[in-house]
Amino acid sequence: MPLENNDLRVDNLIKWLGIPPSYTTLRLNLRVDTADNILSQVQQTLNIQCRKKNIEEFKMWLHPAVKDCLVIENRRPNNDVIPAEKEVIVDLLCGTAVLRGADIFSQGIMGAPSNMLKGDKVAVYCDMEGKCRRGAVAKYEHTKVFLGNGIAQIGRDDYFCSQDKVSGIGILMTETIIEAPCLDILPELVFAQNLPSIVCSHVLDPQPTDLILDMCAAPGGKTVHIASLMQGKGRVIALDKAKGKIEKIKKNVNLWGLDDTVSCFDFDARNAMTDKELVKKGVTDEPPFPPEAFDRILLDGPCSALGQRPTLKNNMIPGVLKSFPKYQKQLLKTAIELLKPNGILVYSTCTVTVEENEHQVEWVLENFPNMILSPQSVHLGCHGTGSNLSEEELKMVQRFDISGLDENNLNCDNDTIGFFIAKFIKT
Ligand SMILES: C[S@@+](CC[C@H](N)C(=O)[O-])C[C@H]1O[C@@H](n2cnc3c(N)ncnc32)[C@H](O)[C@@H]1O
């Protein structure tokens, strides 16, 4: 949509950030079955889910341009959902997941009335201020947002008073403001991932003989995708600075049977290149690595995440926001040093700021004359914006731009999260 005025674009951005995308996308494990067969298994599984919730079945189809992507259409029911009398409070994280189709796990319940019994219809609210104490009984009087109604799977006493650890689904969401499938299904066959993230690994275009570095890998969504596209051959090295997240990558790698080709390390990727001593000894198989060691590198690093949808509340403070570009440059510099000549670097973020996106591309082109900006083979997003990049260069980067979304022109390629992808070749 031609939104010339910047203020209008910001208003539009804020509006759409608060609303979840109208489509859910799943990445398919084509190493174990065909796309058509996986689609019918997903359909059967979700149809059972729909019958249980007494809602219409979801429409789904294979994405015409992304071979391992299944698209499911979410719904915004026309009739208003009237809140049930008994109120359950969940935290912000859980509330956001509900808007994208999740049911509520027992651990996600913060407050529930003393008379809540198994089978009761309850209204679920998200605690916007983080003030609800676990086990609260009284009606929550701080700011809360209604998410929909659900059916309690066990009574209040079983949640908060039982000696046994309670797990599993606590509230089955049956009447929601947005109807989206609950994606806790078929983990060996499908991985819930936003469309731009799926596109990102295709842009890297990993080849079976490659040695690939995934610099900021946790929880491993793209690591697993890259290794799958390499057909279980070659090698992927996955780094993440957060030690606690490495197990998550390993779990995802293991689920799709890719342990033999992926190695995971908790390591600060800014320090992933080493001195010349190790170079003399040849390529090491753990970090740090010698210069020019990798055929392809993905830098899907830390960012302000301002493209995530829905965002019910944003806690970003200016100081933190401003710190990202400098940090990303440190990672970019290391990535460029670690890349072989003719190697490919893909830089991506899930944020909308020009400083973390187009300006970083400008910085790479200005400071590393051996890096050439390259067109992207799956290009579903818009062109870049707001920088000194030439028209030609802006066309080569890919921006999933929610500030330009138009109610009357929504499709699975544009009604998704805000995301940015740039691809470089090292000469
Ligand atoms: C956007 S997330 C990555 C998502 C991941 N690529 C995926 O697709 O599942 C960014 C990650 O960067 C990690 N990180 C931040 N600074 C890092 C650093 N200096 N070195 C390695 N990882 C870092 C964070 O712990 C976080 O897990």
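A few ground rules come with the model: it is predicted, local features need pLDDT of at least 70, side-chain atom pairs count only at pLDDT 80 or more, and totals for chains, interfaces and linings use all residues. Residues are numbered from 1 along each chain as its sequence is written, and side-chain values use heavy atoms, with hydrogens and water left out.

Cavities come up first. The structure holds 3 cavities of 30 Å³ or more. A cavity here is a set of points, on a 1 Å grid over the protein atoms alone, where a 1.4 Å probe fits but cannot get out, and lining residues have an atom within 4 Å of a point. Grid points are joined across faces, edges and corners, and the volume is the space filled by probe spheres set on the points. By that count the largest cavity comes to about 110 Å³. Its lining is made of 16 residues, and Lys53, Ile55, Met173, Thr176 and Ala180 are the ones nearest the centre. Two elements, α2 (35–53) and β9 (169–176), each give two or more residues to this lining; helices (H or I, at least four residues) and strands (E, at least two) are DSSP runs, numbered from the N terminus. Sorted by class, the lining of the largest cavity has 10 nonpolar, 4 polar and 2 charged residues. In this scheme Ala, Val, Leu, Ile, Met, Phe, Trp, Tyr, Cys and Pro are nonpolar, Asp, Glu, Lys and Arg are charged, and the others, Gly among them, are polar. Domain 1 (23–76) and domain 2 (86–176) each supply at least three residues to the lining of the largest cavity, with domain bounds taken from an automatic or database domain assignment.

The second largest cavity holds about 50 Å³ of space. Its lining residues include Pro21, Arg100, Asn194, Cys412 and Asp415. Strand β1 (residues 23–28) gives the most to this lining, with 3 residues.

On to the rings. The structure has 4 aromatic pairs, where rings of Phe, Tyr and Trp (its six-membered ring) pair if their centres lie within 6.5 Å, and planes under 30 degrees apart count as stacked, over 60 as edge-to-face and the rest as tilted. One of them is the tilted pair of Tyr125 and Phe146, at 5.4 Å centre to centre and 50 degrees between the planes. Tyr125 sits in strand β7 (residues 121–127) and Phe146 in strand β8 (residues 144–152), so the pair ties together parts that are 21 residues apart in sequence. Tyr125 and Phe146 are both buried, with buried meaning under 20% relative accessible area, exposed over 50% and partly exposed in between (1.4 Å probe, protein chains only). Trp363 and Phe368 form an edge-to-face pair, because their ring centres are 5.4 Å apart and their planes lie at 70 degrees. Phe368 is buried, at a relative accessible area of 15%.

Tyr125 has the charged end of Lys144 over its ring, 5.0 Å from the centre. Likewise, the charged end of Arg75 sits over the ring of Phe58, 4.5 Å from its centre. The test is NZ of Lys or CZ of Arg within 6 Å of the ring centre and within 35 degrees of the ring normal.

Helix α5 (residues 195–204) has 10 of its 10 residues buried, so it is largely enclosed by the rest of the structure. His202, found in α5, counts as buried at 12% relative accessibility. His202 also lies 6.8 Å from Val378, C-alpha to C-alpha, though they are 176 residues apart in sequence. Just after α5, Asp205 takes a positive phi of about 55 degrees.

A cis peptide bond with omega of about 5 degrees joins Ala218 and Pro219, and Pro219 is in the loop between β11 (211–214) and α6 (221–229). The bond from Pro287 to Pro288 is cis as well, with omega near 0 degrees; Pro288 is in the loop between α8 (276–280) and β14 (294–300). Glu292, placed in the loop between α8 and β14, has a positive phi near 55 degrees and is partly exposed at 40% relative accessible area.

Conventions. On a 1 Å grid over the protein atoms alone, a cavity is a set of points where a 1.4 Å probe fits but cannot get out, and a pocket is an open set with protein on both sides within 12 Å along at least five of seven lines; lining residues have an atom within 4 Å of a point.
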